[in-house]
Amino acid sequence: MITHEDILKIAKLAKLSVKETEIEQLTKDMSEIIKFADTINTAVEDKDEEFDDINNIVNAYHEDEVIKSFDKEEILKNSESVGNGCFVVKKHVNRR
Amino acid sequence: MKLLSRIKYINNLLETGEVSCVELTKKYLDSIEKENKILNAYVKITQETALKTAKKVDEKISKGEKLLPLEGIPMSLKDNMSTKDIETTCCSNILKGYVPIYNATVWDIIKNQNAVLLGKTNMDEFAMGSSCETSCFGGALNPHDIKHVAGGSSGGAASSVAGNLAVYGLGSDTGGSIRQPASFCGLVGFKPTYGAVSRYGLIAYASSLDQIGPIASCVEDAAIIYDAISDYDSKDSTSRGSRTKTANSLNKCIKGIKIGIAKEYFEGIRDDIKSSIQEAVKVYEDLGAEIVHVDLPQIKYALPVYYIIACAEASSNLGRYDGIRYGYRTSFYSDVDDMICKTRSEGFGKEVQRRIMLGTYVLSAGYYDAYYKKAQKLRGSIVKAFKNVFDSCDVMLAPTVPTTAFELNFTSKDPIETYMTDICTVPVNIAGLPAVSIPCGFDDKGLPIGMQLIGNSFEDAVILNAAYQYEHQVKNKIYKQTDIGVRI
């Protein structure tokens, strides 16, 4: 059973702000969806079965060398706020 | 009856000089200008790019040079594939105005072949939906009947091809997003084996399930496109490339081929769809195929397993949208944390937020073992079950969707009811297998019915050949031209 508190906790973890007016409906929807997801717990578990990767891919390593990357100006051009070659955000570390 | 444009036909028109590539491209652009107001298949028209490429193709033709298979063919790209210097939004408010600085590998490949990009197509926001109606631009309509949706999430791609506003489109399939709209719009939709086509530059929804593939008007076109785009790519860590070319192996006799039918796929399927598939089974029997009945009880868990895994991966993948580096940023906030939360809540639509919440829940402390870990174990069981099935058959035949195209405003109903419509398509993504949806009839409203052929891992050529043999046998009876778009 999902409660209003659960919704607020999940929203905080997911970095979403849920409006007061939305909590009721979201709790209802999420309860339904979780009930649906719960059906997997009726399955008899195959103890040997572990899933890692479909195609049994192993890590692909490459040489540790510096290769051409994107131009800094290019990378910055999609941001709402830039300055001195950096992304600009509100100050969020305060001096003690 | 006129049929939709096909790649080889257009390639021939261009090479013989019956039409120039610029003329052809203008025809498509004019039709888009007129018809897209209704269909809403495209969310961006790339007229300049299209005409520039078309001119290059005409220059090549004037020199008497032979064209590459996709050269000069007007096509569309789903708006979740990155296109350098062309806005790519995933049909989400959070990415409006975002202009990628690099190309998705698939676009790089076909761009190098001088494919004529007409525009970016509509989709459910971040590919999360089955009707295209979660798009921030509104849904794409079905050219067979505009009171119905084109399907989703690659609804715009299907609408663009069925309305003949593109010869083919590239879509992506995480839980059926290529096959379902292809089925709704009477087209061929092919989801290749996971790893066959590079995902580099495809804006991620659920990385272990996402796969790019073609939506086309016939099996041969799907095979030609697959051959062009399936290649190993070092930029995608899960890339394997293709094992065989498919277009030149479409004429193989299927006498003696074993086609598996699992009854589990037919539970809850509408009767007229069952009958259409039974008719198709008869066609295959006439072609000399052997029908074998197989058991696949594990697929009853496929849907919840899919939603748990897909949403878990989505909650992680979509964590990158924080309003700092790209995309929308809220205007009023107190601190960075407040900015990120408000940006995400204002930028993402309701369905996307719901899936992020579910994904966060199943990964959170106390619930991880019961949901995510359990779902991963069941995924292993489903992979194993399919492997066993393919010991006794070569391909499987199943419905693509339990119904034909939904009426408009479908997703506004109960979320679970919407999720249930993916029941036949998600098992393939869970197991990473190839599957192609092809038309196999019409319902009493004249809406197309689709069926899918499922193959073993990397046996893409086998299912495309089986699909081609059926298509060849029933000829044009399964295709219906709409009154929209370009006539060639």
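In this predicted model, B:Val305 and B:Ile308 touch the most other members of the largest nonpolar core, which holds 173 residues. A nonpolar core is a set of buried Ala, Val, Leu, Ile, Met, Phe, Trp, Tyr and Cys residues joined through C-beta atoms within 7 Å. A residue is buried if 20 or more other C-beta atoms lie within 10 Å of its own, exposed if 12 or fewer, and partly exposed in between, with C-beta atoms placed from the backbone. H9(B) gives the largest share of this core, 11 residues; helices (H or I, at least four residues) and strands (E, at least two) are DSSP runs numbered from the N terminus. Leaving aside residues up to four places away in sequence, B:Val305 touches A:Ile40, B:Ala375, B:Leu378, B:Arg379, B:Ile382 and B:Ile430.

Residues are numbered from 1 along each chain as its sequence is written, while chains are lettered from A and ligands numbered from 1 in the order in which they are written. Local features need pLDDT of at least 70 and side-chain atom pairs count only at pLDDT 80 or more, whereas totals for chains, interfaces and linings use all residues.

Between the chains, 36 residues of chain A are in contact with 52 residues of chain B, contact meaning that the C-beta atoms of two residues, placed from the backbone, lie within 7 Å. On the side of chain B that touches chain A, at least two residues each come from helix H9 (302-317), helix H10 (336-347), helix H11 (350-363), helix H12 (369-392) and helix H13 (415-420). H12(B) supplies the largest share, 12 residues. This side of chain B comprises 28 nonpolar, 13 polar and 11 charged residues; Ala, Val, Leu, Ile, Met, Phe, Trp, Tyr, Cys and Pro count as nonpolar, Asp, Glu, Lys and Arg as charged, and the others, Gly among them, as polar.

In chain A, helix H1 (residues 4-13) has A:Ile7, A:Ile10 and A:Ala11 buried. Seen down the axis of H1(A), the buried residues fall within an arc of 100°, so they line one face of the helix; the arc is that of the directions from the helix axis to the C-beta atoms. Their cover includes helix H2 (20-37) of chain A and H11 of chain B.

In chain B, helix H4 (residues 105-112) has B:Thr105, B:Val106, B:Trp107 and B:Ile110 as its buried residues. B:Asn114, which follows H4(B), has a positive phi near 60°.
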